[in-house]
Amino acid sequence: MSDRKALIAGNWKMYKTCAEAVDEAKALVDLVQPMDDREIMIAPTYTALAQVSEVLKGSPVALGAQNMFWENEGAFTGEISAPMLISAGCSHVIIGHSERRQYFGETDDTVNKKIVTAFNHDLIPVFCIGESEQERDLNQTFSILDKQVTKGLSNLSSKDLETLIIAYEPIWAIGTGKTATTEQAQEAHRFIRSLIDKAFGSELAQSMRILYGGSVKPDNIDELMAMPDVDGALVGGASLKADSFSNIIKYNR
Ligand code: PGA
């Protein structure tokens, strides 16, 4: 670990009713204390955001959304805008998760529009990238990451990107129980940092947080966090229960 402040983020995906989300958020708040070297965030479903935001007030847990649209308002049935997320209490927004890319037609271009919009509204984007199993087998991991970073961050300057968080999530490790080895994670994270260095300079590359995601559990977080370029985790399944998520949050350095 570097002196970058870690972020442990929970992606609740399409789980939990409002009442369930409120209960789990309360349980989490009871289990965690503010810590100098790490931040915490949870991303419940849209419908639970406003209520969960009330629970998180005064706690060290920040609120994020799992997606958003790039227009502020208009005839876009079913979509949610940045001002709406802010009014519901969000400070963060996950953008370009592989499930959005895979099932809902997100492209590098739509991801880019959303990242630009997040910055325009002072929302902190958690920008997800990662290769499929087939791409890894074909030795395309680096070229895929290069394309996702280059296109996802086009039209942005290093000044815009100060708060950007990247989440490296190899698709083959998401929800499968197959975690990348610490070496695979470190290699990808170092490569992503080198891409940021090349495009935006070393100051930004050194300060930018890069999270790992894909089957993170209480029993593998310590070794992942020991890697020099791993600055936190984006956790799906193991974030759904406050006790397992708080154990991940309390990883040992
Ligand atoms: P997982 O999901 O922890 O259940 O693998 C991670 C994610 O999709 O962000």
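**Pockets and barrel**

Modeller: Helix α4 (residues 98–103) contributes the most to the lining of the largest pocket, with three residues; helices here are DSSP runs of H or I with at least four residues, strands are E runs of at least two, and both are numbered from the N terminus. This is a predicted model, where local features need pLDDT of at least 70, side-chain atom pairs count only at pLDDT 80 or more, and totals for chains, interfaces and linings use all residues. Residues are numbered from 1 along each chain as its sequence is written, and side-chain values use heavy atoms, with hydrogens and water left out.

Colleague: Which residues lie nearest the centre of the largest pocket?
Modeller: K13, M14, Q66, R100 and F104, out of 16 lining residues. A pocket is an open set of points on a 1 Å grid over the protein atoms alone, where a 1.4 Å probe fits, with protein on both sides within 12 Å along at least five of seven lines; lining residues have an atom within 4 Å of a point.

Colleague: And how much space lies in there?
Modeller: About 520 Å³, counted as the space filled by probe spheres set on the points, with grid points joined across faces, edges and corners.

Colleague: What about the second largest pocket?
Modeller: Its volume is about 230 Å³. The second largest pocket has 19 lining residues, and K13, I174, G175, G236 and G237 lie nearest its centre.

Colleague: Switching topic, how many strands are in the barrel?
Modeller: Eight, in a closed barrel running β1-β2-β3-β4-β5-β6-β7-β8 with parallel pairing; strands pair if DSSP finds at least two bridges between them.

Colleague: Which residue stands opposite F127?
Modeller: I166 in β6.
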